[in-house]
Structures are given as structure tokens and as C-alpha cells.
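Dear colleague,

Please find below the structure that I am handing over to you. My notes on what was found in it follow directly after.

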Amino acid sequence: KATGRLYPSAKEGQPGHFSGTVADITERKLDEQRKNDFIGIVSHELRSPLTSMSGYVQMLMLKSQKSNDAVINGIASKAKRQIDRMMALISGFLDVARMSEGKIQLKRSCFDMAHLVKLAEEESMATHTSHQIVFHPVEYTPIEADQDKIEQVLVNFINNAVKYSPEGSAINVSCYSTGGKVKVSVSDQGMGISAKDQPHVFDRFYRVESDNMKFTKGFGIGLYICKEIIERHDGKIGVSSELGVGSEFWFELPIDNQ
Ligand code: ADP
């Protein structure tokens, strides 16, 4: 945004001059900072009462188990699941605020990517019985990275594939090394993403507008966090997709040859 005054030249046809201030960048940065602070403070404030609630509900579950009260136990378990969902959301918001300010510290170690894919396989088999998730064999591939964060990215891709594709459809997870890099990809046979939306799905709070949106919950922060994590590792992240056919989300990281 520029504010100021245009001074016409005294002579006809000669250029005049403009004097003013350009306040765009600083103002936008301040705006971002305020937004981050707000997200950070609200998430933080919500976390404490929720932690207490989680404790009380757990107590209720224990009591109802002791007194064999199946009805109360059922209600308490449902409440606990919702509290856990809210906790996960709040952690996501806190991550967004920290990521945007570059405050996330990576805990790097050397580990085998094949092992991580195996962990995701075990987890997915237990939690996503609605889809046919196929994990392709993976060879030993050492990388130096933050294992929890890379797992977070892989799990996010798998969860999205489940969320945006019909029950019973196949999801393929593959991981292979090529040219000093390891590439992990998750492809689904879901609703797909139009060419217009593809460049934006990694933006903060971006969700593709569609009728299905009403049925899928989310805030559009998962892929933003994934992008920040991969880029902090000097890796690449991307998507190729066709509307109505399916999507392939992938990330690439340098292999550790030491
Ligand atoms: P959320 O799923 O919580 O909305 P994400 O950041 O994970 O947030 O994803 C951003 C948007 O990208 C989603 O709202 C959805 O529109 C689109 N998207 C993500 N993964 C897929 C997928 N596998 N198939 C189709 N659309 C997807």
C-alpha cells in the first residue's frame, strides 16, 4: 500500500515526481504476527481446561469399569475420544503458530526410512479398516532427519487419502531411493484436486471448496505443516492429481550416505 502525493511537472510532457511512503511489507508482517500470537494464545489457553477435562473423564471411565457400569463407561469413552480429537486440533494450531515464526526445533537423528514406513503400515492396518491400504516393499534407506516429524507427514498423507476417497478404494504407499534421494508417495483413487487448486493445498488454512467439504472435517492446516516440515529438512513436497480420478502426494528427502 502506498500513500502520498503526485507532483505534476511544471513543464508539459516532462515527468513529475511522487512523494510518499510504502508501508506494505511491515504492515503485512505485523498482521501475520498478530494472527500467530492470537492462534498461539487461544490454543494455549484452551489446552489447560481440556487437559483437566481429559483427567476427569479418565477417572469416570475407571470408576465405571470398577462398578461394571457399561452405560457410563460407553459415554465416558465417547467423551474421551472427542477430547482427544480437540487436543490433536489444538496441537495442530500451536504447530502452525510456531512453524510460521520458525520456532520449531528439529530433533535430527539417523534412522531407516523403511522402518518408518513399516511403523505407518502397522498403524494404518489397525486404524483404517475402511480402505485397502497397500504398502510396497521398501529397502533400507538411511536418512538424517526428525523421525517424529517425518512420521507426522506420512501419517497426514495417509489420513487425507482415507478422508478424501471412497470406502473400500485402494491407497498405495511406496518409498524408493533415486539419485541420492528417497521419495515417499501416497496415492489414492479419491475425489482428486483440480489444476487450479493444486498449487494452494499446501497454503495455511486452504481447503478446496466442494460439496464434500461439508462432510469432511478439517481446518486446512495439515498440509501446511507437512510443507514446513519437509522444507525445513531441505526436501521437496508436492502433489499430482486429477479431478474425479485421484491424487498422489509425495515428499523427497536427501539420503544420508555417511
Ligand atoms: P484438511 O484436510 O484438514 O482440510 P489439509 O491441509 O490436510 O487440511 O488439506 C488441505 C486441503 O487439500 C483439504 O481441505 C482438501 O481440500 C485437499 N486435499 C488434501 N488431501 C487430499 C486428497 N488426498 N484428495 C483430495 N483432496 C485433498
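Is Ser54 buried or exposed? Ser54 is buried, because its relative accessible area is 11%; buried means under 20% relative accessible area, exposed over 50% and partly exposed in between, with a 1.4 Å probe and protein chains only.

Before going further, please note that this is a predicted model, in which local features need pLDDT of at least 70 and side-chain atom pairs count only at pLDDT 80 or more, while totals for chains, interfaces and linings use all residues. Residues are numbered from 1 along each chain as its sequence is written, and side-chain values use heavy atoms, with hydrogens and water left out.

Ser54 belongs to helix α1; helices (H or I, at least four residues) and strands (E, at least two) are DSSP runs, numbered from the N terminus. Not counting residues up to four places away in sequence, Ser54 touches Lys80 and Ile83, where contact means heavy atoms within 4.5 Å. Met61 is also found in helix α1, and Met61 is buried, with a relative accessible area of 18%. With the residues up to four places away again left out, Met61 touches Asn73, Ala76, Ser77 and Lys80. Met61 and Lys80 are 19 residues apart in sequence, and their C-alpha atoms are 9.0 Å apart in space.

The nonpolar cores

A nonpolar core is a set of buried Ala, Val, Leu, Ile, Met, Phe, Trp, Tyr and Cys residues joined through side-chain atoms within 4.5 Å. The largest one has 44 residues, and Met113, Ile150, Phe157 and Phe251 have the most contacts inside it. Helix α4 gives the largest share of this core, 7 residues. A second, separate core of 8 residues includes Met61, Ile83, Met87 and Leu94.

Strand β9

Seen from Phe251, the contacts beyond four places in sequence include Met113, Ile150, Phe157 and Ile237. Ile237 stands opposite Phe251 in β9. Of the 9 residues of β9, 7 are buried, so this strand is largely enclosed by the rest of the structure. Two strands pair if DSSP finds at least two bridges between them. Strand β9 pairs in the antiparallel sense with β8 (residues 236-242) over 7 bridges, and with β7 over 8 bridges, also antiparallel. Ser187 stands opposite Glu248 in β9. The hairpin of β8 and β9 has 3 residues between the strands, and in this hairpin Gly244 takes a positive phi near 80 degrees.

The pockets

Rolling a probe the size of a water molecule over the atoms shows where empty space is left. On a 1 Å grid over the protein atoms alone, a pocket is an open set of points with protein on both sides within 12 Å along at least five of seven lines, and lining residues have an atom within 4 Å of a point. Grid points are joined across faces, edges and corners, and a volume is the space filled by probe spheres set on the points.

The largest pocket holds about 1600 Å³ of space. Its lining has 48 residues, and Asn156, Asn159, Asn160, Lys163 and Lys217 lie nearest its centre. Among the elements that each supply at least two residues of this lining are α4 (147-163) and β9 (246-254).

The second largest pocket has a volume of about 190 Å³. Helix α1 supplies the largest share of its lining, 5 residues, and the residues that line this pocket include Phe38, Leu46, Met86 and Phe219.

Yours sincerely

How values were computed. 1 Å grid on protein atoms, 1.4 Å probe; cavity = no way out; pocket = protein on both sides within 12 Å on 5 of 7 lines; lining within 4 Å.
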